[in-house]
Amino acid sequence: MKFSDSLHVHIFKLSSVFHILVVCGESLIARSGTITNARAGEQVLFPIKHNGTDQYDVTFRLKFPVTFKIFTWKSNNPEKLHIVHPLYQHRVGFNNFVMLNDVHDSDTGNYEIYIDYYGAKLKNREESTFRIQVYEPVSQPETAILGNCASSPNITLNCSVSNGTNYVIHWEKVTLSGILNETYDGTVLVIDCVTEEEQHIY
């Protein structure tokens with residue numbers, strides 16, 4: 001039996017790969033040594049593990065794709081940040097965490113935090129490394145059906161989104177009784193009306 005002219009289109013699935021997401025209110029806590037996925041506009045918190053009672057400095061740096069110091073915070077002058085990079089003015093802070101506010105795509109990268117302890121002289125340094133991946137939320141998907149079996153040997157299904165990163169579009173081919181036959185990846189799916197033997201939902 002040929003594919004029916006009345007094509008049933010069932011909304012596809014969108015998926016992303018997330019490594020670690022720890023949500024704290026409106027903020028996201030990054031974890032050292034892992035990839036943290038942050039949605040554009042979120043606040044990312046980088047934890048500080050301070051030990052002892054000595055004076056100490058906290059230095060926050062971008063390591064990759066370029067390397068530069070973002071700011072330094074000093075325990076003996078805690079009211080302000082020192083040497084704040086112009087790209088991060090009004091977007092960074094320190095309050096038990098290093099805070100990076102209103103993240104966007106260009107904030108994707110590797111970050112380092114150095115803690116230098118001081119007594120009469122520099123005692124030791126601790127460091128942590130973080131990987132942040134910023135993604136744009138996926139917009140509402142739009143689907144289109146091109147062609148029909150009455151006038152064409154093929155029907156083309158198209159799915160697209162206007163905004164978003166880190167998404168994959170999957171098509172599912174399901175029988176009318178609900179049995180999943182096949183899955184397909186990609187924004188476009190071409191259905192052969194001649195070889196299609198029964199009606200399916202996509």
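Two strands pair if DSSP finds at least two bridges between them. Keep that in mind for this tour of a predicted model.

**Stop 1: a strand pair.** Select residues 55-64, which form strand β6. To see one place where they face each other, pick Asp57 and find Asp116 of β11 opposite.

**Stop 2: Thr59.** Go back to β6 and select Thr59, which belongs to that strand. Its relative accessible area is 8%. Buried means under 20%, so Thr59 counts as buried. Leaving aside residues up to four places away in sequence, Thr59 touches Lys69, Phe71, Thr72, Glu112, Ile113 and Tyr114.

**Stop 3: the largest nonpolar core.** Select Phe46, Val58, Ile70, Val98, Tyr111 and Ile113, the residues with the most contacts inside a core of 27 residues. Elements giving two or more residues to this core include β5 (43-47), β6, β7 (68-74), β11 and β12 (122-135).

**Stop 4: Ile70.** Which residues does Ile70 touch, not counting those up to four places away in sequence? Show Phe60, Arg61, Leu62, Ile83, Val84, His85, Tyr88, Val92 and Tyr111.

Technical notes
Residues numbered from 1 in each chain as written. Predicted model: local features only at pLDDT ≥ 70, side-chain atom pairs only at ≥ 80, totals over all residues. Heavy atoms only, no water. Helix = DSSP H or I, 4+ residues; strand = E, 2+ residues; numbered from the N terminus. Core = buried A, V, L, I, M, F, W, Y, C linked by side-chain atoms within 4.5 Å. Buried < 20%, exposed > 50% of the residue type's maximum accessible area, 1.4 Å probe, protein only. Contact = heavy atoms within 4.5 Å.
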